[in-house]
Structure formats: C-alpha cells, structure tokens
Amino acid sequence: MNNNPYAWINESLATIHRADWYRCVQTIHGAPGATVVLSGQEVINFASNDYLGLAGDERLQIAAITAIQQFGTGSTGSRLISGHREIHRELEQGIASTKQTEEALVFSSGYLANLGTIAAIVGKRDLILSDEYNHSSLKKGAILSGATVVEYPHCNTAALLQNLQQYRKNHRRCLMITDSVFSMDGDLCPLPQLLDLAEEFSCMLLLDEAHATGVMGDTGAGCVEHFGCTGRELIQIGTLSKALGSLGGYVAGSSSLIDFLRNRAPSWIYTTALSPADTAAALAAVKIVREEPERRSQLWQNVNYLKQLITENLPNLKLLPTESPILCFQLSNAAAALTAGKHLRESGIFAPAIRPPTVSTSRIRISVMATHELGHIQKLVEVIKSIEELDHKV
Ligand SMILES: *Cc1c(COP(=O)(O)O)cnc(C)c1O
C-alpha cells in the first residue's frame with residue numbers, strides 16, 4: 001500500500017476545474033456599501049445581502065464597540081453555562097416583537113439555526129417535505145434529523161398535496177420546510193397555500209426568512225407579514241447577517257417551541273453564545289428597521305427603477321420571475337455566466353455568476369440595496385446591454 005490517501009483531493013479539484021465549477025475568494029478592501037473596492041478596483045456592488053446598507057452604519061459600529069468595552073470580545077461559554085448576557089435577551093425580545101411571536105432564540109448563524117431546529121423537532125419516524133430549491137442549511141438539517149425527506153418541485157403546491165396524500169399517514173410528525181424568498185432566484189414561496197396544506201394534514205411549517213427579514217412586509221417583519229399571515233402558527237427562521245448587517249441567526253415562534261429548542265437544539269446548546277459585538281450590532285439594526293421604514297421604501301424604489309429600466313432597455317433579457325430585491329438573468333451555461341460576470345466586473349459592476357451545483361441553471365445574480373444611487377442602477381443596465389450586444393456579435 002504506497003497510495004497516498006490524500007491524492008484524491010487534487011484529482012477532485014481537477015474535476016471541479018474541468019466543469020467550470022471552481023470557486024475561490026476575492027478580497028474586498030475597506031468598508032461595505034453600495035460601492036466597494038474589490039481587489040484594488042472600485043466597483044458598484046450588486047453582490048451583497050446588505051439590503052438596507054446597515055453593515056457599514058455608524059450606529060451599529062458604535063453599538064458593537066460599546067458592547068465590547070462593556071462585555072469583552074468573547075462570550076466565554078455556551079448560553080446555558082456562562083455565555084448568556086442581558087443583550088441576548090434584549091435582542092431576542094426585539095426579534096419576537098418584530099415578528100409578533102411569543103419568543104425568539106438567537107443562534108451563532110442562520111445555518112446553525114436551521115440545522116439545530118430541524119434536527120431537534122423531527123426524527124427517524126417523521127416526514128420532511130422540502131422545496132427542491134431550498135437553501136443548503138435546510139437540506140442539510142433535513143439529512144441530519146434522520147427523517148424521511150421528500151423533495152417537491154419548486155413552489156408546486158399540487159405536487160406537495162400529492163406527496164402529503166401519499167406519505168403523510170405513514171409518519172408520526174410531518175414538517176414542511178421552505179425558503180420564503182428563494183435566495184438564488186428571488187421568487188417567493190406560496191405561503192398562504194403552504195399554511196393551509198400544513199393545517200389540513202397536521203404538519204408543522206418551518207419558513208426560512210433569511211432574505212425577507214428587514215426587506216419584506218410593511219414593518220420589515222418578512223414574508224409572513226407580506227402575505228398577511230402574521231399570528232398563524234409556524235416556525236420562523238432567519239439570519240442577523242443580511243439586512244440586519246451583523247452575524248448570527250434566530251428562530252421565532254411559540255414559547256413552548258423556544259423552550260424546547262433551548263433543551264434540545266444541539267447547535268444552540270453545544271456552541272459558544274453569540275459574541276457581545278454581534279449581538280449589540282444586531283439589536284441596533286432591529287431598532288433601525290423598526291424606526292426607519294424609509295430605508296425599506298428606498299430599497300423598493302430602487303428595485304422598481306431597475307425593473308423599469310430593464311423593461312425599457314433590455315426586452316430580450318431572460319429575467320427569472322422575482323418579487324424581491326434579488327434579480328437573476330439566465331445564461332446558457334456556466335462558461336457563459338463566467339464570461340458575463342467577468343465583463344461586468346471589468347466594466348465596474350460586481351454581480352456574481354451563480355453556477356451549478358448551487359443552482360441547476362447558470363445565471364448572473366443581482367441584489368439591489370437601499371443605498372444604491374440612480375446612477376449605479378443606470379450603469380448596471382448600460383453594461384448588461386453591452387453584454388447582450390457582445391453576445392449577438394458572436
Ligand atoms: C444566508 C442564508 C442562510 C444562512 O444564514 P447565515 O446567517 O449566513 O448562516 C440560511 N438560509 C437562507 C435561505 C439563506 O439565504
């Protein structure tokens with residue numbers, strides 16, 4: 001046996017390269033915002049989840065610095081041992097109040113909130129019904145739980161109904177899991193229909209509001225508010241790291257759910273509590289989302305302006321259906337998406353190519369921010385137009 005047991009790693013990397021699936025990091029210098037310096041070049045930023053421009057907001061910075069001065073940099077232990085601080089409770093109350101749920105629980109990331117919650121509430125005897133376009137954290141949480149997982153075609157409630165009729169009776173508990181705003185497409189799940197089906201078949205519904213919190217609904221509470229479903233029983237998950245400009249995740253729901261998770265969610269129990277700085281920054285953001293609805297209005301004005309310019313100037317663009325600040329246009333394959341992304345970048349626009357295996361079809365993904373100026377959006381449309389013209393010449 002003289003085979004190097006690690007040789008497969010380089011072979012696998014070579015396969016990834018051959019498929020045009022290879023990825024690596026790129027450095028952003030300085031502060032986040034509507035424009036950023038990317039590997040030394042100033043670009044307009046359409047690649048960020050910082051929808052309200054809060055990640056660079058001075059008030060969040062001051063909140064974080066003050067919390068560090070008061071509580072130190074580390075929280076020193078898990079929440080149940082020595083990591084719990086008063087600001088965790090304040091943040092959890094703030095989230096529960098925005099979501100209008102009895103309670104909320106913060107995790108160290110949205111990914112961990114999904115893993116821990118799904119694994120805690122269902123097990124081997126149970127059934128999970130999962131939208132095929134769900135975020136990785138929902139899919140991995142489903143696997144971790146040990147439940148039987150059935151994927152249904154994207155947003156297809158007829159297929160979901162069929163699955164429920166076929167499989168529900170063979171299982172103890174049933175959990176439906178879905179993104180509310182689909183992160184790589186920008187469309188919304190049919191929440192009212194999902195809630196009705198959940199009720200009819202005695203299923204729990206777990207809704208991932210990662211891209212919706214701070215963005216959707218009159219008060220920024222998310223898609224539950226957007227669809228007028230506030231107060232209906234379900235499990236809401238989200239992140240503190242997108243519109244809220246910090247780091248961390250949360251679950252919002254009934255007091256008994258949250259109490260159960262504090263006793264049974266391994267990714268909350270066996271990990272260090274969210275740091276004082278992240279907690280305080282998120283708390284400041286929750287207050288700003290509540291007190292400054294004009295940020296959300298500005299975001300939607302920008303989204304509508306971009307859609308209008310696309311309709312007027314880019315009639316042939318293959319835009320995916322969207323009802324969020326995420327807009328994607330499709331390209332024929334991974335290489336074409338990479339070429340388009342590179343051309344955008346050279347023209348001063350940062351909008352990433354999203355390829356398999358993240359999504360089934362290659363695309364350029366644009367996310368709009370409240371802090372984009374009209375000129376930024378005009379420039380984006382001009383550059384996309386020049387890509388289209390380039391395509392026609394080939
Ligand atoms: C970003 C995202 C997450 C993960 O949240 P983090 O806080 O970044 O770990 C979970 N679900 C969805 C749908 C997301 O888009």
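About 380 Å³ of space lies in the second largest pocket. The model is predicted, so to speak of local features requires pLDDT of at least 70 and side-chain atom pairs count only at pLDDT 80 or more, while totals for chains, interfaces and linings use all residues. Residues are numbered from 1 along each chain as its sequence is written, and side-chain values use heavy atoms, without hydrogens and water.A pocket is an open set of points on a 1 Å grid over the protein atoms alone, where a 1.4 Å probe fits, with protein on both sides within 12 Å along at least five of seven lines; lining residues have an atom within 4 Å of a point. Points are joined across faces, edges and corners, and a volume is the space filled by probe spheres set on them.

The second largest pocket is lined by 18 residues, with Met204, Glu233, Leu234, Ile235 and Leu257 nearest its centre. Two or more lining residues come from each of helix H5 (110-121), helix H8 (191-200), strand S8 (204-208) and helix H10 (255-264). Helices (H or I, at least four residues) and strands (E, at least two) are DSSP runs numbered from the N terminus.

The largest pocket has a volume of about 1100 Å³. Its lining comprises 29 residues, and Gln26, Phe350, Pro352, Ala353 and Ile354 are the closest to its centre. Helix H14 (334-346) and strand S13 (353-354) each supply at least two lining residues; H14 gives the most, with four.

An open sheet of seven strands runs in the order S4-S10-S9-S8-S7-S5-S6, with mixed pairing; two strands pair if DSSP finds at least two bridges between them. Strand S4 (103-107) and strand S6 (148-152) stand at the edges with a single partner strand each, so one side of each lacks a neighbour in the sheet. Neighbouring strands are turned by 20° against each other on average, direction ignored. Axes are lines fitted to C-alpha atoms, for helices over the stretch in contact, and angles run from 0 to 180 degrees between N-to-C directions.

Strand S7 (residues 174-179) pairs with S8 in the parallel sense over five bridges, and Met176 has Leu205 as its bridge partner in S8. Helix H8 packs on the sheet, touching S6, S7 and S8, and its direction makes about 155° with that of S8. Contact means heavy atoms within 4.5 Å. Helix H4 (residues 86-99) lies across S4, strand S9 (235-239) and strand S10 (249-253), running at about 125° to S4.
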